[in-house]
Amino acid sequence: MSSTPITKETYLEWYKSILLMRKFEEKSGQLYGQQKIRGFCHLYIGQEAVMAGTMSVIKPEDSIITAYRDHAHALAKGVSANACMAEMFGKSTGCSKGKGGSMHFFSKEHKMMGGHGIVGGQIPLGAGIAFAEKYLGTNNVNICYMGDGAVRQGAFNETLNMAMTWQLPVVFVCENNGYAMGTSVERTTNMLDIYKMGHGFDMPSSAVDGMDVVAVHNAMDEAVQRARSGEGPTFLEIRTYRYKGHSMSDPAKYRTKDELQEYKGRDPLLSTKAAIVENNYADEAWFAEADAEVKKIVEDAVKFAEESPYPDASEIYKDIYVQEDYPFIMD
């Protein structure tokens, strides 16, 4: 059970957080269809309980790192909707100065260590960040997210082995949404219980219902407290579901309508609202106010992004090397 209590305020914050992630992603999908957002775009709709349940446990000083389905992670970590939407538009006011786009959200200020496009590439980086925290003697933890496809990479096994050997303060989270792009877990492995892969390294590992924000909160809290107290890493397979395709170009014909509807019946936004109502934590007036607040945040973010400038051409040579006068950059 969680050592971090779940209160009325926790539930209200969960609802607003999930709602912001949901509405931001829905608007992003619309804007992509209008060609205002270009390139790749991977939506998080359906998976929001994973981030909401994480944020009610970790501290601002704790870092997160993830793959390219990263919009909700940045929003949950506190990056403004303005900075996130501007990045989607490729504008200079974006959280990565318009140089990363949808797949590469970063914020040093918020300890959002990036969305990463190389499958599994963020896994050793997460362990590296945790190593740095341990080396510096901080009390901070890194949460390293990945998809179910990333656990097929050699870097996953190498990193789990090293993290256990050095007892690093990191929580590895596989957001198992059932499909690595369009390929189901059943077609890629004989081990359907992905969390069991951690047992090969004697790493505490478990499966979590990713559609239930309370279950995520409790599992994440236990894992984070273990890391913070010097007991090393944990591997969580958080079983969730994305309601949209892998990316905006994916019609998702590899799954049935019945399967999709089954998971929509477990929508974390609706179940969180139901719990709030059942416990008399808020009335319909509060929900209406929260909905209006989130709607305005998203609308303002779109306006901000549309009115922001694109990066100047000279920016192409900046933010590549730490050394600003690096002598080998040539026009």
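Is Gln-167 buried, partly exposed or exposed? Point 4 has the reply. The model is predicted.

1. **The sheet.** Start with the open sheet. Six strands build it, in the order E2-E1-E3-E4-E8-E7. The pairing is parallel. Strands of a sheet pair through backbone hydrogen bonds, and the pairing can be parallel or antiparallel. Strand E2 (112-115) and strand E7 (205-209) are the edges. Each of these two pairs on one side only. From one strand to the next, the twist averages 20 degrees.

2. Look next at strand E4, residues 170-176, and strand E8, residues 234-239. They run parallel, and six bridges join them.

3. Helix H2, residues 48-55, lies across strand E1 (63-66), strand E3 (142-147), E4 and E8. H2 runs at about 170 degrees to E3.

4. **Two positive phi values.** Most residues other than glycine have a negative phi. Now check Gln-167. It is not a glycine, yet its phi is positive, near 50 degrees. Gln-167 sits in the loop between helix H6 (154-165) and E4. Its relative accessibility is 27%, so Gln-167 counts as partly exposed. Buried would need a value under 20%. Lys-111 also has a positive phi, of about 55 degrees, and is not a glycine either. Find Lys-111 in the loop between helix H4 (81-88) and E2. Lys-111 counts as buried because its relative accessibility is 17%.

5. **A nonpolar patch.** Turn to the surface. Phe-131, Tyr-135, Leu-136, Met-162 and Trp-166 form a nonpolar patch there. Together they have about 610 Å² of accessible area. Which helix gives the largest share of the nonpolar patch? That is H5, with three residues. Met-162, in contrast, belongs to helix H6. Met-162 counts as partly exposed because its relative accessibility is 42%.

6. **What to look for on screen.** Trace the strand order first, from E2 at one edge to E7 at the other. Finish with the loop residues Lys-111 and Gln-167.

Note on methods:
Residues numbered from 1 in each chain as written. Predicted model: local features only at pLDDT ≥ 70, side-chain atom pairs only at ≥ 80, totals over all residues. Heavy atoms only, no water. Pairing = 2+ DSSP bridges. Helix = DSSP H or I, 4+ residues; strand = E, 2+ residues; numbered from the N terminus. Axes fitted to C-alpha atoms, helices over the stretch in contact; angles between N-to-C directions. Contact = heavy atoms within 4.5 Å. Buried < 20%, exposed > 50% of the residue type's maximum accessible area, 1.4 Å probe, protein only. Patch = residues over 30% accessible without salt bridge, like charges linked within 9 Å, V, L, I, M, F, W, Y side chains within 5 Å. Areas by Shrake-Rupley, 256 points an atom, 1.4 Å probe, with all protein chains shown as cover. Salt bridge = Lys/Arg side-chain N within 4 Å of Asp/Glu carboxyl O.
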